[in-house]
Amino acid sequence: MTKNLIFFLLIILLSACQSEPTEEKQKLDEQPTVTFSYEDEEIDSNNIKGCFVDDCSEENAFVERINHSEFTEGLEPPEVKHGDEIKVEINGQEPTEVYYSRNFDEGTTTQDHTLNGNKIEIHGEGTEQYFMVFKWYNENDEFLGALSKAFEIEVIN
């Protein structure tokens, strides 16, 4: 009887010492890539920041200050006709949110937009710089990743 009691107490003690399994963070199956195109030609873009749950947190995922000129430095802007569209092509899981900032009128005007339908309608004339932020969250609104890119175009009539 004493052996049974000791065995029973030992099992209770050992089960109490077991740690809870750690919950693994959910992540994307693969890190998505984003490209931009006009008339089936890819537009050169700069990767500004990429941050996915494996290597960083949501707090570190975004730039502190947007500088359109700096972000588009070194890019050769293609000519895009006024009224046409630029395609935003996402390779991988669709982002939960996409925002972009458009800088035009030689850097004096900036507008913020939300992307709908993976297309950007082009209006105006002259050089335009775009800074885009793509965000991924799971169904529980937990951060999975973010990617920011920039490109520049020359709008013609």
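Rings of Phe, Tyr and Trp (its six-membered ring) count as a pair if their centres lie within 6.5 Å. In this predicted model, a search of the whole structure finds six such aromatic pairs. One of them joins Phe36 and Phe151. Another pair is formed by Tyr137 and Phe143. Here the centres are 6.1 Å apart and the planes stand at 70°, so the pair is edge-to-face. Tyr137 is buried at 14% relative accessible area. Phe143 is buried at 11%. Ring pairs also link Phe36, Tyr100, Tyr130 and Phe151 into a cluster.

The overall architecture is as follows. The protein contains two helices and 10 strands. Along the sequence, these elements follow the pattern α-β-β-β-α-β-β-β-β-β-β-β. The protein has 157 residues, of which 34% count as buried. Its accessible surface comes to about 10500 Å². Carbon and sulfur atoms account for 45% of that surface. Contacts between residues at least 6 apart in sequence were also examined. Of these, 73% join residues at least 24 apart.

Strand 10 spans residues 143-156. Of its 14 residues, 12 are buried, so the strand is largely enclosed by the rest of the structure. Strand 10 pairs with strand 3, strand 4 and strand 9. Strand 3 covers residues 46-52 and pairs with strand 10 in the antiparallel sense, over six bridges. Within this pairing, Phe52 has Gly145 of strand 10 as its bridge partner. Strand 4 (residues 79-81) runs parallel to strand 10, and three bridges join the two. Lys81 stands opposite Ile156 of strand 10. Strand 9 (residues 126-137) is antiparallel to strand 10, and their pairing has 12 bridges. Trp136 stands opposite Gly145 in strand 10.

Strand 9 and strand 10 form a hairpin with five residues between them. In the turn, Asp141 has a positive phi of about 60°. Asn138 also lies in the loop between strand 9 and strand 10. With 7% relative accessibility, Asn138 counts as buried. The side chain of Asn138 reaches the backbone nitrogen of Asn140 at 2.8 Å. Beyond its neighbours within four places in sequence, Asn138 is in contact with Gln26 and Leu144.

Asn103 belongs to strand 6, residues 97-104. Its relative accessibility is 7%, which is under the 20% limit, so Asn103 counts as buried. The Asn103 side chain makes a polar contact of 2.9 Å with the side chain of Thr110. Neighbours within four places in sequence aside, Asn103 is in contact with His68, Thr109, Thr110, Thr127, Glu128 and Gln129.

Backbone torsions were examined next. Most residues other than glycine have a negative phi. Glu39 has a positive phi, near 50°. Glu39 lies in the loop between strand 1 (33-38) and strand 2 (41-43). Its relative accessibility of 56% means that Glu39 counts as exposed. Asn118 is not a glycine either, yet its phi is positive at about 55°. Asn118 is found in the loop between strand 7 (109-114) and strand 8 (119-121). Its relative accessible area is 24%, so Asn118 is partly exposed.

A search of the whole structure finds one disulfide. The bond joins Cys51 to Cys56, with an S to S distance of 1.4 Å. The torsion about the S-S bond of Cys51 and Cys56 is about 130°, so the disulfide is right-handed. Cys51 and Cys56 are both buried.

Technical notes. Residues are numbered from 1 along each chain as its sequence is written. This is a predicted model: local features need pLDDT of at least 70, side-chain atom pairs count only at pLDDT 80 or more; totals for chains, interfaces and linings use all residues. Side-chain values use heavy atoms; hydrogens and water are left out. Helices (H or I, at least four residues) and strands (E, at least two) are DSSP runs, numbered from the N terminus. Buried means under 20% relative accessible area, exposed over 50%, partly exposed in between (1.4 Å probe, protein chains only). A polar contact is a pair of N or O atoms within 3.5 Å; within protein, one must be able to donate a hydrogen and the other to accept it, and residues adjacent in sequence count only if both atoms are side-chain atoms. Contact means heavy atoms within 4.5 Å. Two strands pair if DSSP finds at least two bridges between them. Accessible areas come from the Shrake-Rupley method with a 1.4 Å probe; for residues, only the protein chains shown count as cover. A disulfide is a pair of cysteine sulfur atoms within 2.5 Å. Rings of Phe, Tyr and Trp (its six-membered ring) pair if their centres lie within 6.5 Å; planes under 30 degrees apart count as stacked, over 60 as edge-to-face and the rest as tilted.
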